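Dear colleague,

Please find below the structure that I am handing over to you. My notes on what was found in it follow directly after.

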Amino acid sequence: MGATLCIAVLSAVIAVRASFVAVTSVDLGALRAVAHVRVGWLTTAVRAIDHAAWPWLVRIMAFGTIAVLIAYRRFRYLAVYAALLFMGLFGSLLLANAVGRMRPAGVRILTRWQGYSYPSRPVLALALVLAGVVYTVVPAGSWRDRTKVVAGIAIVLFACVRLYLAADHPSDIVAA
């Protein structure tokens, strides 16, 4: 409920022209600050992480989760997981087309990209897949708690990668 409210508020802020300009100005300032600290070896490492994480690793995890759920005959979990992925990714596509936010301007983008930037679909896809893995495959208890921490770290790391490469605005990642 809180996440839905946060996305609705952020989308409304971006939809209003005056606040859109203010949010974009803050986003571009943050991206320019990150661009000033780029160094060659770190850029190479970050590009490798980006290339590995999106889109193939996310797809392998998604289809692997589906395979595990089918193998263990967890069809209700499978239905919820499929609905989560579909609604999340389709909803982000509708929101991206409604908002129509372009990629960061004035900062060199160091990775491939396509479509609008709001919300960040690569970060959203990773978050949805990892949430699905945590809640459908990992048993409840201490294992799930540890997996939540690892999944959260992976999402934050990937979000930092996307910011470093200037593929998304910071508010795009927050919305994802």
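**Confidence and overall fold**

Among the elements of the chain, the lowest mean pLDDT, 62, belongs to helix H1 (residues 2-15), and the highest, 92, to H6. Here pLDDT is the predictor's confidence in each residue, from 0 to 100. Where pLDDT is low, the predicted coordinates should not be read in detail. Over the chain, pLDDT averages 84, and 89% of the residues score at least 70.

This is a predicted model, in which local features need pLDDT of at least 70 and side-chain atom pairs count only at pLDDT 80 or more, while totals for chains, interfaces and linings use all residues. Residues are numbered from 1 along each chain as its sequence is written, and side-chain values use heavy atoms, with hydrogens and water left out.

The pattern along the sequence is α-α-α-α-α-α-α. Of the 176 residues, 36% count as buried (buried means under 20% relative accessible area, exposed over 50%, and partly exposed in between, with a 1.4 Å probe and protein chains only). Contact means heavy atoms within 4.5 Å. Among contacts between residues at least 6 apart in sequence, 75% join residues at least 24 apart.

**Helices H5 and H6**

Helix H5 (residues 121-136) packs with H6 at an angle of about 170°, and the two axes are 10 Å apart. The axes are lines fitted to C-alpha atoms, for helices over the stretch in contact, and angles run from 0 to 180 degrees between N-to-C directions. On the H5 side the contact includes Pro-122, Val-123 and Leu-126, and on the H6 side it includes Ala-151, Phe-158 and Arg-162. The residues of this contact divide into 12 nonpolar, 1 polar and 3 charged (Ala, Val, Leu, Ile, Met, Phe, Trp, Tyr, Cys and Pro count as nonpolar, Asp, Glu, Lys and Arg as charged, and the others, Gly among them, as polar).

**Two residues of H6**

Arg-162 is located in helix H6 (residues 142-164). Is Arg-162 buried or exposed? Its relative accessibility is 2%, so Arg-162 counts as buried. Its side chain makes a polar contact of 2.8 Å with the side chain of Asp-168 (a polar contact is a pair of N or O atoms within 3.5 Å; within protein, one must be able to donate a hydrogen and the other to accept it, and residues adjacent in sequence count only if both atoms are side-chain atoms). Beyond its neighbours within four places in sequence, Arg-162 is in contact with residues including Asp-50, Arg-103 and Ser-120.

Leu-163 is also placed in helix H6. With a relative accessible area of 23%, Leu-163 is partly exposed. Leu-163 and Ala-35 lie 128 residues apart in sequence and 9.1 Å apart in space, C-alpha to C-alpha.

**Two positive phi values**

Arg-73 is not a glycine, although its phi is positive at about 55°. Arg-73 lies in the loop between helix H3 (40-71) and helix H4 (75-99) and is exposed, with a relative accessible area of 65%. Ala-166, not a glycine either, has a positive phi of about 60°. Ala-166 sits in the loop between H6 and helix H7 (170-175) and, at 0% relative accessibility, counts as buried.

With kind regards

Technical notes. Helices (H or I, at least four residues) and strands (E, at least two) are DSSP runs, numbered from the N terminus.
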